[in-house]
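Biologist: Please show me the structure. I would like to ask about it piece by piece.

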Protein chains: 4
Amino acid sequence: MSTKSQRDYVPTSADRFTFGLWTVGNSGADPFGTRTRVPPTPVEIVRRLAPLGAYGVSVHDNDLVPIDATVAERDRVVREFQTALRDHGMVVAMATTNLFTDPVFADGAFTSNDAQVRAYALQKTMRGIDLGAELGAKIFVFWGGREGTECDASKDARDAVRRFREAVNFLCEYVRHQRYEMRFALEAKPNEPRGDLYFPTTGAYLGFIQTLDHPEMVGVNPEVAHEHMAGLNFYHAVGQALEAGKLFHIDLNDQLFGRYDQDLRFGSVSLKSMFYLVKLLEESGYDGPRHFDAHPYRSEAEEGVWDFARGCMRTYLILREKVRAFQADTEIQMVLREATRDDPGLEALGRRFTPEVAERLKRLPLDRIEIAKRRPHYERLDQLVVELLLGVR
Amino acid sequence: MSTKSQRDYVPTSADRFTFGLWTVGNSGADPFGTRTRVPPTPVEIVRRLAPLGAYGVSVHDNDLVPIDATVAERDRVVREFQTALRDHGMVVAMATTNLFTDPVFADGAFTSNDAQVRAYALQKTMRGIDLGAELGAKIFVFWGGREGTECDASKDARDAVRRFREAVNFLCEYVRHQRYEMRFALEAKPNEPRGDLYFPTTGAYLGFIQTLDHPEMVGVNPEVAHEHMAGLNFYHAVGQALEAGKLFHIDLNDQLFGRYDQDLRFGSVSLKSMFYLVKLLEESGYDGPRHFDAHPYRSEAEEGVWDFARGCMRTYLILREKVRAFQADTEIQMVLREATRDDPGLEALGRRFTPEVAERLKRLPLDRIEIAKRRPHYERLDQLVVELLLGVR
Amino acid sequence: MSTKSQRDYVPTSADRFTFGLWTVGNSGADPFGTRTRVPPTPVEIVRRLAPLGAYGVSVHDNDLVPIDATVAERDRVVREFQTALRDHGMVVAMATTNLFTDPVFADGAFTSNDAQVRAYALQKTMRGIDLGAELGAKIFVFWGGREGTECDASKDARDAVRRFREAVNFLCEYVRHQRYEMRFALEAKPNEPRGDLYFPTTGAYLGFIQTLDHPEMVGVNPEVAHEHMAGLNFYHAVGQALEAGKLFHIDLNDQLFGRYDQDLRFGSVSLKSMFYLVKLLEESGYDGPRHFDAHPYRSEAEEGVWDFARGCMRTYLILREKVRAFQADTEIQMVLREATRDDPGLEALGRRFTPEVAERLKRLPLDRIEIAKRRPHYERLDQLVVELLLGVR
Amino acid sequence: MSTKSQRDYVPTSADRFTFGLWTVGNSGADPFGTRTRVPPTPVEIVRRLAPLGAYGVSVHDNDLVPIDATVAERDRVVREFQTALRDHGMVVAMATTNLFTDPVFADGAFTSNDAQVRAYALQKTMRGIDLGAELGAKIFVFWGGREGTECDASKDARDAVRRFREAVNFLCEYVRHQRYEMRFALEAKPNEPRGDLYFPTTGAYLGFIQTLDHPEMVGVNPEVAHEHMAGLNFYHAVGQALEAGKLFHIDLNDQLFGRYDQDLRFGSVSLKSMFYLVKLLEESGYDGPRHFDAHPYRSEAEEGVWDFARGCMRTYLILREKVRAFQADTEIQMVLREATRDDPGLEALGRRFTPEVAERLKRLPLDRIEIAKRRPHYERLDQLVVELLLGVR
């Protein structure tokens with residue numbers, strides 16, 4: 001290994017890197033195979049991630065507390081976990097409820113056709129919120145892993161939306177009443193494990209949030225893999241969320257388009273897209289966790305898990321360095337300037353409507369053939385970015 | 001042909017079927033081939049569609065008026081077109097601006113990096129709105145065919161959102177000031193002709209609309225093909241839009257997932273999904289146009305265009321008949337009832353938050369193992385739907 | 001339910017419908033959830049499928065015999081299974097080896113970088129072949145569930161091909177030496193559970209087979225879901241295989257394009273494509289098993305499994321009836337005839353090369369503009385097919 | 001620009017980079033827009049590409065000679081083009097026939113249902129072959145741009161295969177009789193411009209070739225974009241073709257999975273996959289053209305075309321340099337060695353079947369649990385590759 005890569009790209013907690021307990025805790029099992037490694041316990045995860053430079057972890061209720069634990073067991077587990085966090089200087093940045101593993105949720109949780117399932121889901125989530133609050137989580141994520149269908153005859157799609165809204169509204173009130181300092185982040189996914197999931201994209205949730213009783217409490221948690229499954233540009237999705245003030249959390253991993261949920265190591269495939277993503281996060285001043293929601297290859301043994309964790313963070317830091325190089329690259333900046341035509345007068349016109357302005361704009365002699373002669377040099381720009389990424393600039 | 005299919009499935013204007021001028025007016029040209037037929041003129045389209053039972057047409061400004069027409073030419077063209085509409089009892093249900101064909105829009109219209117392009121796009125759209133109003137269109141659609149990128153270095157994704165908002169806000173004021181009785185419908189598409197388009201899904205626009213100055217004036221125009229390009233469930237997308245009161249218009253066609261924009265004859269591929277869509281439109285009381293945005297195969301000659309148009313409408317009517325059969329099918333309705341467990345007491349609890357209710361719900365003895373024993377029979381339900389669709393029930 | 005659907009569509013063993021033990025034996029577990037039902041044992045499966053009209057079953061070695069069974073256990077299990085088969089008049093039409101569940105295959109079986117894994121895979125497959133022969137299977141399927149990569153640095157893609165060939169060649173010799181009356185069928189899949197699988201499509205295997213020592217012993221086992229994952233036309237894939245004399249077995253299910261491996265009930269989504277598939281199988285005289293490789297929704301309880309099995313077979317039979325209606329439909333047949341221009345003289349020219357024929361053909365006055373005037377009416381044809389499928393013709 | 005990137009990555013004709021006339025000759029038109037630039041003439045293309053370091057060009061018959069040219073016009077055009085080639089030291093490395101632009105091919109060429117179309121396609125191709133031979137092309141490519149369907153009722157998929165075979169067999173004989181030193185390369189594509197194209201993947205053609213009369217004359221021409229449209233691993237596809245001795249030509253560009261045919265600048269998206277591709281081409285000793293089949297963004301003006309051409313070649317050269325770095329990287333090579341377990345004894349067993357060897361292998365005590373303990377470190381390996389690509393090693 002070169003001196004360079006040994007020296008650099010070692011994170012600190014200021015980088016705010018977090019990992020789900022289920023990520024480094026993945027057992028290697030998949031739909032076609034049994035587990036291939038003994039997953040570390042939550043306490044081991046905290047102990048191992050801290051020296052790698054991570055800032056914290058995130059938890060599903062049942063990552064920590066088994067679904068059938070007694071109150072005494074729950075309390076013991078939580079106490080031990082909190083001790084580990086304190087000992088290693090780690091935080092729980094995000095918590096969430098598991099509403100997908102148990103058979104009771106086979107046809108949905110908040111959107112189930114069964115009123116008892118919906119009630120149980122609410123109950124489990126209130127308890128999950130309590131747990132999250134106890135652990136100090138400021139963000140509570142909702143991923144509706146079973147909120148979907150294989151047979152659309154089973155449910156009017158509008159009822160699914162209504163039921164989901166009812167649940168989120170109730171839980172917002174719960175958080176407010178409990179005076180928890182906690183916000184919600186909704187995580188979209190197009191399909192898997194259900195044939196189709198409701199709210200398939202980050203955009204769908206941005207629309208939904210505005211129909212809630214407390215929209216200000218609720219944002220989104222976009223995940224690279226989930227938008228990529230639908231072949232969508234993740235940078236654009238996060239851009240829209242940020243611009244709307246709704247990026248409350250983010251799930252970093254990687255994924256090829258149009259495939260099963262791969263949850264690959266961050267930046268291991270989509271080098272260029274992930275560069276734009278890091279650029280956006282850094283330039284926007286987003287100060288939330290950089291949360292990795294990925295898992296090691298099934299072929300890894302126990303020690304490979306930490307190679308994986310290190311790799312996620314290193315790639316983020318390398319791309320962050322590229323962002324700075326991009327900003328400082330005079331040729332890139334020149335091509336960008338040339339591709340832009342500002343015209344303060346014209347822009348002022350379009351900005352604020354008055355009847356007079358509209359009339360003036362409508363009659364303005366704008367020669368489309370002349371205007372079209374000015375062309376951006378995006379092939380050149382894109383090539384410069386590629387060369388920057390490949391480290392030859 | 002059986003007596004049945006000769007008798008039935010002939011539409012009337014009450015069915016509100018409309019066609020874009022560019023659909024039956026398609027020339028058969030594609031990226032790999034020249035035109036294969038002489039497209040009918042707008043007046044011919046009106047004359048031919050009326051006796052087939054269509055209700056109206058929709059127009060891009062330049063479908064009717066060439067981009068470089070003089071005012072006199074424009075007025076003559078519009079007059080002749082209006083005469084044809086009147087003579088044949090057809091309406092213009094929707095109008096829109098072409099912001100994608102001309103080279104001036106090569107890098108976007110409202111989101112272009114060039115202030116002159118943005119101004120020109122505003123100007124062209126105001127004129128397009130005037131034309132639409134003159135033709136009696138109550139819906140004005142925005143499809144941002146060039147609002148996207150191939151090289152994301154060229155533009156901050158947040159600026160694209162801001163610029164698009166500025167334009168839509170301005171144009172809302174314009175419509176209000178002109179006292180046009182007109183609403184806007186935003187049409188999403190994930191990619192093509194740009195590498196990635198901003199606002200790739202109907203959901204993305206539902207989110208965006210809430211950030212406008214006049215959200216009540218603006219809804220969506222979902223298109224089957226566009227959601228299918230991203231492999232998304234169109235029925236779910238339309239369901240969310242309807243539930244939010246935002247389905248202002250709809251583009252009916254068909255498309256295989258994960259492909260170039262195919263714009264196939266309505267219902268020619270996705271029989272089952274299109275059944276659920278028709279079910280939703282009919283059951284929701286949606287009373288807007290059923291607008292076909294498809295085109296005949298390139299191999300068709302002139303006369304095949306009308307086979308195509310007839311087919312779009314027939315399939316809708318056949319599926320509508322299936323919807324009624326579904327509603328009347330006692331076995332299907334029984335399976336649906338069995339799959340649902342209502343529990344008014346529990347549902348009331350979840351509906352309105354009070355601290356007491358929350359406490360009660362949290363402590364309620366809900367046995368997830370018992371609850372999970374009740375299972376829906378969706379394999380049976382789905383098979384019944386398949387058999388209904390195949391006409392063997 | 002109408003009299004019609006009660007009477008019809010009940011299969012007999014002459015229809016040669018078979019089910020994998022793992023299909024109706026699926027437990028409802030998936031990557032995001034635990035099992036939801038107690039799967040039936042192999043003996044129960046035989047007992048339940050026989051009265052539904054199935055012809056037989058197919059087995060992975062470890063569906064029947066646990067991977068760590070003693071010889072005595074193996075023999076007892078096999079004996080009991082054979083008794084059940086005999087008692088219920090069922091056959092084992094196909095057998096295969098499980099080379100994907102155990103951790104030893106985490107990085108491949110025949111293509112592993114570890115010589116011991118490759119040797120173990122050969123050993124396990126020889127034993128699996130012996131088991132298949134003992135059960136009377138005439139077809140042995142190879143699905144290389146772990147023959148792939150996430151990191152292409154790990155292996156030269158050419159070595160993977162070579163290693164796979166070496167294994168298949170060895171096993172062909174083994175079958176010949178054992179004088180088993182058995183042929184091999186290779187099953188392609190593009191990805192999942194590996195990031196990418198080698199031989200991703202049926203076409204890739206058709207190419208590979210010709211490079212084997214005994215190509216005549218080896219054909220393909222195309223699966224609907226696997227080609228659909230890559231968005232490919234399954235009817236075309238099976239057509240090529242049949243035309244090459246290489247369709248040795250087939251896996252019937254359903255799947256949306258560009259998604260995780262869904263293994264949906266046969267014909268539950270792609271009504272039109274599955275119609276063309278059934279048409280091809282029936283018209284070609286394919287006389288192998290119609291093998292269902294699907295599984296019930298996770299939300300089904302035990303009894304729903306048999307609804308699922310019945311549905312697979314019913315839909316096949318309904319589509320087969322549609323094939324006959326297509327053949328007998330005079331309007332469809334007329335449109336087809338009109339779309340075809342035979343010209344025996346011209347066709348003879350193109351069929352057999354001689355220098356004179358080539359010269360004549362080259363100089364023949366063929367007016368492309370005149371020729372192009374004759375157009376097929378495929379919009380009409382396609383609409384007729386849609387209406388036939390929807391049962392309104 | 002840094003000294004480094006100014007100095008390096010300038011190709012010479014020894015690198016064998018070629019461009020289709022239609023690539024740099026693209027006009028910027030697309031399905032939604034008119035042309036945006038005046039395309040250079042073939043002679044200009046030769047004049048401009050030569051100083052950039054290209055080795056040659058490739059041509060469709062009608063890129064050079066209009067479809068309705070007289071013999072005299074044809075001869076003049078060819079003469080001028082040959083003069084330009086000679087003057088600039090360029091070659092025509094590949095030729096092909098356009099069987100897709102003209103309306104006569106609207107429903108296919110060799111697979112058309114119209115015998116006159118099939119005859120005309122043969123005639124046009126013989127003339128195209130003559131032209132190719134006259135220009136010195138050693139490779140003749142077949143891309144069946146219209147050999148497909150939207151309506152599968154129109155044609156039995158097996159007939160399409162048979163007709164295509166008949167045509168290729170005839171044309172092989174033609175080339176042999178003419179004593180042209182020319183081989184055929186078949187180019188697969190899954191869809192676009194037809195709904196589905198026959199022979200959708202490189203694998204499908206590898207299977208087809210073996211059924212020809214002269215398989216030795218025929219290989220494949222895989223294209224990055226075409227395999228990526230189906231979400232397939234291009235490196236694997238080319239690996240299989242190379243291993244079978246069938247890589248006769250290659251089309252380099254880039255493309256996102258599951259989208260319309262993008263034909264992006266080589267290496268502009270899939271940095272990692274294109275690295276493995278270049279590695280394979282270089283390590284295999286492939287000595288054919290590195291042919292770019294891409295086109296500049298529509299937003300480019302005339303001069304941007306040459307930025308685009310330069311970028312294609314530069315990225316190839318940069319990746320080639322990375323290949324050498326990979327080979328020389330001691331850490332990478334060590335991880336690779338550790339991931340491999342050779343066992344010459346075991347490997348010899350599996351290589352050549354004898355009954356004794358089989359018996360021995362079957363009884364060999366292979367402990368799968370022990371074997372599975374040895375694990376490759378692919379997360380580490382993959383991260384090293386990512387860092388190599390990003391230029392931080």
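Modeller: The model is predicted, so local features need pLDDT of at least 70 and side-chain atom pairs count only at pLDDT 80 or more, while totals for chains, interfaces and linings use all residues. Residues are numbered from 1 along each chain as its sequence is written, chains are lettered from A and ligands numbered from 1 in the order written, and side-chain values use heavy atoms, without hydrogens and water.

Biologist: Which residue is the bridge partner of Val57(B) in strand 3 of chain B?

Modeller: Strands here are DSSP runs of E with at least two residues, helices are runs of H or I with at least four, and both are numbered from the N terminus. Two strands pair if DSSP finds at least two bridges between them. Val57(B) stands opposite Phe19(B), and its partner in strand 3 of chain B is Val92(B).

Biologist: How many residues of strand 2 of chain B are buried?

Modeller: Buried means under 20% relative accessible area, exposed over 50%, and partly exposed in between (1.4 Å probe, protein chains only). Gly56(B), Ser58(B) and His60(B) are buried on one side, Val57(B) and Val59(B) on the other. The number of buried residues in strand 2 of chain B is five of five.

Biologist: Which backbone oxygen does the side chain of Gln123(B) reach?

Modeller: Gln123(B) lies in helix 6 (residues 115-135) of chain B and is buried, with a relative accessible area of 1%. At 2.8 Å, its side chain reaches the backbone oxygen of Leu361(A).

Biologist: How many residues of helix 6 of chain C are buried?

Modeller: Helix 6 of chain C (residues 115-135) reaches 30 Å from its first C-alpha to its last. Gly136(C), with a positive phi near 90°, follows the helix. Helix 6 of chain C is largely enclosed by the rest of the structure, because the buried residues number 17 of the 21.

Key. The expected span of a helix is 1.5 Å times one less than its number of residues. A polar contact is a pair of N or O atoms within 3.5 Å; within protein, one must be able to donate a hydrogen and the other to accept it, and residues adjacent in sequence count only if both atoms are side-chain atoms.
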